[in-house]
Amino acid sequence: MGSEIRLDIVRRLGDADRPLSFSELRDAVDVRDSGQFNYHLGELVGHFVGKTEEGYRLRQAGERVVEAVLSGTVTETPVMEPTPVDEDCHYCGAPVEVRYRQEQVDVFCPECSGAYDAGHAPAEAEIPPGYGWLGGMPLPPAGLDGRDADEVLRAAFSLGQTEFVTASTGICPRCSARTERTVEACDDHGADGGVCSDCGRRRSVVFGSACTNCNYEAAGGVLMALFAETEFLAFMTNHGLNPMNPDSVTAYLNAISNYETVVRSHSPLEVEIRLTVDGDTFTRTIDEAFLNAGTAES
């Protein structure tokens, strides 16, 4: 796809509501040299473009290219420096700030250490001095169009939640391959209201989902392992908490942060989760059988 002509071909086919003939497509792309146009079109036919009796049309791979172009993923690199938003840190209550760069929205607290210390947070977070990192969520550049910082945060939160739900089931949200689900527990956790000096995390138990095919990986509190479980979702919605589109990001994060973990065994791993919302408690046990299964055991 390293050719403007080829990119223009898939753009024009993406705009069309029907297959286009060779001449219609060449006129739309506005390439006078028929041989040159035919060469570039030929490079696309098969994988990106399909050829039928009615004309040329995009195949699934071509549609993905058009989506990537329109989202700005392959053409734009906008940056938004740390900007205050109308949400509070779910650890210390201070107003948080969001930053956008490299297709990711990062959330920072200017007054506490956040979820990780600087030495254990992902390198791509690039935590500014004096800030604590609360997490990062993917967002294509088009997600910034016409949105202020608060709206950018909400868009990234909703999009990130859908990815987390998919990853928690063992399916990669980027390429659809299988992911390896893991749970890691700190042997001697001592956060004392901040981050642990041993593991560098605020939470003693974390869940991870890493793709076996592409470079996608996600990690977070162990509660993330339950994001697609029917009983957990029912518990949340019954308490007025919408995981995909909460009324308040802060209120939702405060709710799902109010959980306890009890490590019953390190080998084999067995962790009990207890989430309390409005006085009601949801309990679930995570073990090797849970991680190896496609869905949670009741």
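Contact means heavy atoms within 4.5 Å, and in that sense Leu-7, Val-10, Arg-11 and Gly-14 of helix H1 meet Val-65, Val-66 and Val-69 of helix H4 in this predicted model.

**View 1. Helix H1 crossing helix H4.** Helix H1, which comprises residues 4–15, packs with helix H4, residues 60–71, at an angle of about 100 degrees, and the axes of the two helices are 9 Å apart. Since angles of 65 to 115 degrees count as roughly perpendicular, H1 and H4 are therefore roughly perpendicular to each other. The side of H1 in this view is represented by Leu-7, Val-10, Arg-11 and Gly-14, and the side of H4 by Val-65, Val-66 and Val-69. Sorted by residue class, the contact of H1 with H4 consists of 5 nonpolar residues, 1 polar residue and 1 charged residue.

**View 2. Helix H4, its buried residues and its end.** The buried residues of H4 are Gly-62, Val-65, Val-66, Val-69 and Ser-71, and these pack against H1 and against strand S2, residues 55–58. The length of the helix can be checked against expectation: at 1.5 Å a residue, the 12 residues of H4 should span 16 Å, and because its end C-alpha atoms are 16 Å apart, the two values agree. Just after H4 comes Gly-72, whose phi is positive, at about 90 degrees.

**View 3. Helix H2 against helix H3.** Helix H2, residues 22–29, and helix H3, residues 34–44, pack at an angle of about 100 degrees, with 11 Å between their axes. H2 and H3 are therefore roughly perpendicular to each other. Phe-22, Leu-25, Arg-26 and Val-29 make the contact on the part of H2, while Ser-34, Phe-37, Asn-38 and Leu-41 make it on the part of H3. The residues of this contact of H2 with H3 divide into 5 nonpolar, 2 polar and 1 charged.

**View 4. Strand S8 and its pairing with both partners.** Strand S8 is mostly covered, as 6 of its 7 residues are buried. S7 and S8 run antiparallel and are joined by 7 bridges, and Ala-185 stands opposite Val-205 in S8. The pairing of S8, residues 205–211, with S9 is also antiparallel, and it is made by 5 bridges. In this pairing Ser-209 stands opposite Ala-218 of S9, and Ala-210 stands opposite Glu-217 of S9. A hairpin carries the chain from S8 to S9 through 5 residues.

**View 5. Ser-176 in the loop between H5 and S7.** Ser-176 lies in the loop that runs between helix H5 and strand S7. The phi of Ser-176 is near 75 degrees, a positive value in a residue other than glycine. Exposed is the term for residues over 50% relative accessible area, and Ser-176 therefore counts as exposed, at 56% relative accessibility.

**View 6. Pro-268 and Asp-278 in the loops on either side of strand S11.** The peptide bond joining Ser-267 and Pro-268 is cis, with omega at about 0 degrees, and Pro-268 has its place in the loop between strand S10, residues 259–266, and strand S11, residues 269–277. Asp-278 is placed in the loop between S11 and strand S12, residues 280–287. Although Asp-278 is not a glycine, its phi is positive, at about 50 degrees. With a relative accessibility of 65%, Asp-278 counts as exposed.

Technical notes: Residues are numbered from 1 along each chain as its sequence is written. This is a predicted model: local features need pLDDT of at least 70, side-chain atom pairs count only at pLDDT 80 or more; totals for chains, interfaces and linings use all residues. Side-chain values use heavy atoms; hydrogens and water are left out. Axes are lines fitted to C-alpha atoms, for helices over the stretch in contact, and angles run from 0 to 180 degrees between N-to-C directions. Helices (H or I, at least four residues) and strands (E, at least two) are DSSP runs, numbered from the N terminus. Angles under 35 degrees count as roughly parallel, over 145 as roughly antiparallel, 65 to 115 as roughly perpendicular and the rest as oblique. Ala, Val, Leu, Ile, Met, Phe, Trp, Tyr, Cys and Pro count as nonpolar, Asp, Glu, Lys and Arg as charged, and the others, Gly among them, as polar. Two strands pair if DSSP finds at least two bridges between them. The expected span of a helix is 1.5 Å times one less than its number of residues. Buried means under 20% relative accessible area, exposed over 50%, partly exposed in between (1.4 Å probe, protein chains only).
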